[in-house]
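Subject: Handover of a structure and the findings on it

Dear colleague,

Please find below the structure that I am handing over to you.

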Amino acid sequence: MKITFLSIFPESFSSFLSFPVIERAVRNGLVDIEVKDIKDCTDGSFRAIDDSPYGGGAGLLLRVDALCNALSAVADASSRTILMGPKGKMFTQKMAHELAEEEHIILIAGHYEGVDERFRRYVDDEVSIGDYVLTGGESAAIVVAEAVIRLLDGVLRGKSSKEESFEDGILEYPQYTHPSVYDKAEVPEVLLGGNREEISRFCEFEAIRDTIRLRPDLLEEDRNFNFFSLHRDYRNESGIIRWLANRLPVPEILYEDDRYLVLSRPKGRTLASAERERILKTMAAVLKMLWSIDISDCPYDESLGKIVSGQRDRRLSYEAWRLIDESERIQMSEDMVFSHGSLRLDRIFVNGNGISCIIDMQYAGIADRYRDLASAIKLLEKEGIGMEEFINALDFDIDEKKLEVFLRIVNVL
Ligand code: ADE
């Protein structure tokens, strides 16, 4: 890869070029770095580089003609041109990865009060390194170049950059070195033992805990990390999972506070990637498993009656109200079981021949048997598995009228 800095102060880059990691990367041919002086691309006359703004205002602006001349002296068809400036897109680790894939990046350091507005249409991107104003873009260009260069193959020896902060969208885990005790503060015991698996589990967990504590803004979106699933605790999902712990294969709760819930990563693969026969058998086994749970002391009520009495937090559409009302009028017999409430193939994990985990429990609780039955039938239909076949696999006498009502209810709830 090649990186070109365009600047009116080329000497600003000399200390960067002498950083050991950067020097070695250049020496080993992993990156080619060019520093181009914008002044060399002008006729050298007074005011050829910068001038005062039309309409007045403080300071000087870099001229569009000087910048364009400099850019055409270094750019070719493979170049990605980036103007450094506080109005730009915020630089992130994700962007560093994107840029590390480029053949040639040109980082243009603005200066004085900025650049002539017309220059913006000659660049691919404008990038800022933070919400503050520097006197020039040189140090910002160095920040970007350093973050990109260290991602290039062969630049970092030993340690993989993948373990670091932001690589999974979270902060890096805390690290310790000698002495093992300092001012009564001890290195966590697990790190002193040699159990690799325990250490890596500890590190992953601490990374998540630090992120929740120090940078919760990184966690605002629901996201699936490599190792854990982390999200807000929807509708007391943690309570439901705790109640289910010895009754159903559910994820382990690794961390929870009043905002976040960190769950262990399910083992195995999801049913969404399984073949037809496996899907049919597993879905039948999941329903049987759910229905065999003793609900006598289950505190989670998801029955239609509970929904109607408004004790549930879901807002109902008029259509849903109408259907539930209709279901009451035809006096369906209630057949209460433990129900998942939002079954999907990618929420069921299989391992070998068994079910290793069922996730997304926020709507689980006591409800009519037909609630999960109806959603399973719908799911299987999409996989080309007919209702007859499924009911046979379930070994179950179906009440068609009741099923019809529930098929409509699960659609609107
Ligand atoms: N030039 C001046 N301020 C800057 C910033 N915050 N980011 C990038 N370039 C800049």
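The notes below begin with the basis of the model, then turn to the whole protein and to selected places in it.

This is a predicted model, in which local features need pLDDT of at least 70 and side-chain atom pairs count only at pLDDT 80 or more, while totals for chains, interfaces and linings use all residues. Residues are numbered from 1 along each chain as its sequence is written, and side-chain values use heavy atoms, with hydrogens and water left out.

Overall form

The protein contains 14 helices and 18 strands; these are DSSP runs, numbered from the N terminus, with helices being H or I of at least four residues and strands being E of at least two. Its C-alpha atoms fill a box of roughly 95 × 60 × 40 Å along the principal axes. The radius of gyration is 30 Å, whereas a compact globule of 413 residues would have a value near 22 Å. That radius is taken over C-alpha atoms, and the globule rule is 2.2 Å times the number of residues to the power 0.38.

Of the 413 residues, 46% count as buried. Buried means under 20% relative accessible area, exposed means over 50%, and partly exposed lies in between, with a 1.4 Å probe and protein chains only. Among contacts (heavy atoms within 4.5 Å) between residues at least 6 apart in sequence, 74% join residues at least 24 apart.

Salt bridges

A search of the whole structure finds 26 salt bridges, each being a side-chain nitrogen of Lys or Arg within 4 Å of a carboxyl oxygen of Asp or Glu. One of them joins Lys2 and Glu34, whose closest N and O atoms are 3.4 Å apart. Lys2 lies in strand β1 (residues 2-7) and Glu34 in strand β2 (residues 32-37), so this pair ties together parts that are 32 residues apart in sequence. Lys2 is partly exposed at 26% relative accessibility, and Glu34 is partly exposed at 23%.

Lys39 pairs with Asp37, again with the closest N and O atoms 3.4 Å apart. Here Lys39 is partly exposed, at 35%, while Asp37 is buried, at 13%. In the salt bridge between Arg118 and Asp116 the closest N and O atoms are 2.7 Å apart. Arg118 is partly exposed at 47%, and Asp116 is buried at 15%. Salt bridges that share partners also join Arg80, Lys89, Glu98, Glu102 and Asp125 into one network.

Which residues of helix α4 (residues 93-100) are buried? They are Gln93, Met95, Ala96, Leu99 and Ala100. Seen down the axis of α4, these residues fall within an arc of 155 degrees, so they line one face of the helix; the arc is that of the directions from the helix axis to the C-beta atoms. Their cover includes β5 (79-90), β6 (104-109), β7 (125-128) and α5 (138-149).

In helix α3 (residues 64-74), the buried residues are Val64, Ala66, Leu67, Cys68, Ala70, Leu71 and Val74. The elements that cover them include β1, β2, β4 (61-62), β5 and β6.

Ser7, in strand β1, is buried at 0% relative accessibility. A polar contact of 2.6 Å joins its side chain to that of Glu138. Such a contact is a pair of N or O atoms within 3.5 Å; within protein, one must be able to donate a hydrogen and the other to accept it, and residues adjacent in sequence count only if both atoms are side-chain atoms. Leaving out residues up to four places away in sequence, Ser7 touches Phe13, Lys36, Asp37, Ile38, Ala109 and Glu138.

Asp372 is placed in helix α12 (residues 369-382). This residue is buried yet has no salt bridge, and the nearest side chain of opposite charge, Arg371, is 4.6 Å away. For charge, Lys and Arg count as positive and Asp and Glu as negative, while His and the chain ends are not counted. A polar atom of the Asp372 side chain lies 2.6 Å from the backbone nitrogen of His340. Beyond its neighbours within four places in sequence, Asp372 is in contact with residues including Leu287, Leu290, Phe338 and His340.

Thr282, in helix α9 (residues 276-291), is buried at 6%. Apart from residues up to four places away in sequence, Thr282 touches Leu271, Ile348, Val350 and Ile355. The C-alpha atoms of Thr282 and Glu186 are separated by 48 Å, the two residues being 96 apart along the chain.

Yours sincerely
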